[in-house]
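Take a look at the structure first, then follow the points below.

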Amino acid sequence: MDFSGLLIKMLIFVVLMMTGYIVAKKGIAGPEFTKTASKLVINFFMAATIINSVLKISPDMVEMNFGIIFAVLTISMAAGFGLAALAGLCIPMVKKGGGVVQLLMGAPNTMFIALPVLDQIFGPVAVFYCSLSAIPFNVILYTYGVWLLKRGSEENKVHLKEVLTVPLISTIVAALIFFIQPPIPRVVSELCGSISGATMPMSMIVIGSSLGSVNLLDTFKNGKLYFISFFKLVFIPAVVWLVCSFITTDPVLLISAVILAASPAAVMISILAIQYTGDGVFASEGILHGTVLSMIVIPLWVYLLSAVI
């Protein structure tokens with residue numbers, strides 16, 4: 001793997017993300033832009049990218065049992081939530097922080113970070129793996145994750161519509177296309193390919209603009225966030241690597257699983273925190289902290305895994 005090329009791509013990620021951050025700080029793009037653009041990215045660009053991933057591969061390109069693929073991806077997703085829950089029982093700081101801290105430690109940004117990163121590194125096969133991870137991720141986040149935040153509130157029920165997001169539906173459609181292999185009109189294929197090309201830059205700009213209300217310097221003075229980021233970016237992916245290496249030897253799947261686990265906290269955590277706990281500021285600080293550090297840590301993970309696997 002061309003590690004220098006990866007560093008250049010990650011540098012582009014940082015520049016795009018900081019562009020969105022500066023634009024939001026300057027008031028050029030306000031909360032309405034972020035809200036609208038994030039919906040557009042999730043419901044349109046990422047849906048097209050997920051569908052495009054299966055149009056670029058065929059079943060014979062995936063050489064292992066589908067059950068193994070899904071098991072590895074489920075472990076990658078569940079490990080974060082499980083280890084964060086265990087930390088909540090054993091570590092006073094995590095227990096005191098409640099559901100927000102646990103989700104910052106356990107819920108990865110699969111769509112805005114992992115998907116464009118894996119697309120740039122490995123292409124359609126890794127994008128397909130990443131999109132499949134949306135199934136266990138959505139189920140866990142919008143059931144257990146929402147329950148964590150709703151504890152103690154009057155409304156502690158989880159609704160089905162919260163789980164059935166557009167990326168999840170797109171993943172199910174992509175899986176059906178993958179297995180059935182129906183004829184796809186050329187215009188649909190080329191349209192999905194063209195739209196998916198905008199996913200990475202749009203994702204980075206939206207992430208930056210969504211964190212525009214957070215003070216960058218104050219965030220990096222908070223020692224608590226360094227522990228959370230270390231747990232999320234280093235400890236959890238190390239455990240995922242250790243466990244999944246016993247299940248698969250496929251380098252693309254294994255590296256994809258680790259990168260998914262090493263992705264910073266999902267932007268959705270801030271939205272859910274505002275909705276259910278009112279602690280959106282700390283959630284946003286944690287997301288910003290982890291996202292900035294991930295631009296350094298993820299290339300290191302890729303370099304290490306590429307040298308070892």
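The lining of the largest pocket draws at least two residues from each of α2 (31-55), α5 (110-121), α7 (134-150), α8 (160-163), α9 (166-180), α11 (199-210), α15 (268-276) and α16 (280-308). Helices here are DSSP runs (H or I, at least four residues), numbered from the N terminus. This is a predicted model, in which local features need pLDDT of at least 70, side-chain atom pairs count only at pLDDT 80 or more, and totals for chains, interfaces and linings use all residues. Residues are numbered from 1 along each chain as its sequence is written, and side-chain values use heavy atoms, with hydrogens and water left out.

**The largest pocket**

- A pocket is an open set of points on a 1 Å grid over the protein atoms alone, where a 1.4 Å probe fits, with protein on both sides within 12 Å along at least five of seven lines; lining residues have an atom within 4 Å of a point.
- The largest pocket holds about 1,200 Å³ of space, a volume being the space filled by probe spheres set on the points, which are joined across faces, edges and corners.
- Its lining has 48 residues, and Ser38, Ile42, Val267, Met268 and Ile271 lie nearest the centre.
- That lining splits into 26 nonpolar, 17 polar and 5 charged residues, where Ala, Val, Leu, Ile, Met, Phe, Trp, Tyr, Cys and Pro count as nonpolar, Asp, Glu, Lys and Arg as charged, and the others, Gly among them, as polar.

**Two serines**

- Serine 133 sits in the loop between α6 (124-132) and α7, and is buried at 0% relative accessible area (buried is under 20%, exposed over 50%, partly exposed in between; 1.4 Å probe, protein chains only).
- A polar atom of the serine 133 side chain lies 2.5 Å from the backbone oxygen of cysteine 130.
- Setting aside neighbours within four places in sequence, serine 133 is in contact (heavy atoms within 4.5 Å) with Leu73, Met77, Thr110 and Leu260.
- Serine 131 belongs to helix α6 and is buried, at 0% relative accessibility.
- Beyond its neighbours within four places in sequence, serine 131 is in contact with Ile50, Ser53, Met111 and Thr171.

**Cysteines**

- The model has 0 disulfides, a disulfide being a pair of cysteine sulfur atoms within 2.5 Å.
- The cysteine sulfur closest to that of cysteine 244 is in cysteine 130, 14 Å away, so it is too far for a bond.
- Cysteine 244 is buried at 0% relative accessibility, whereas cysteine 90 is exposed at 57%.

Note on methods
A polar contact is a pair of N or O atoms within 3.5 Å; within protein, one must be able to donate a hydrogen and the other to accept it, and residues adjacent in sequence count only if both atoms are side-chain atoms.
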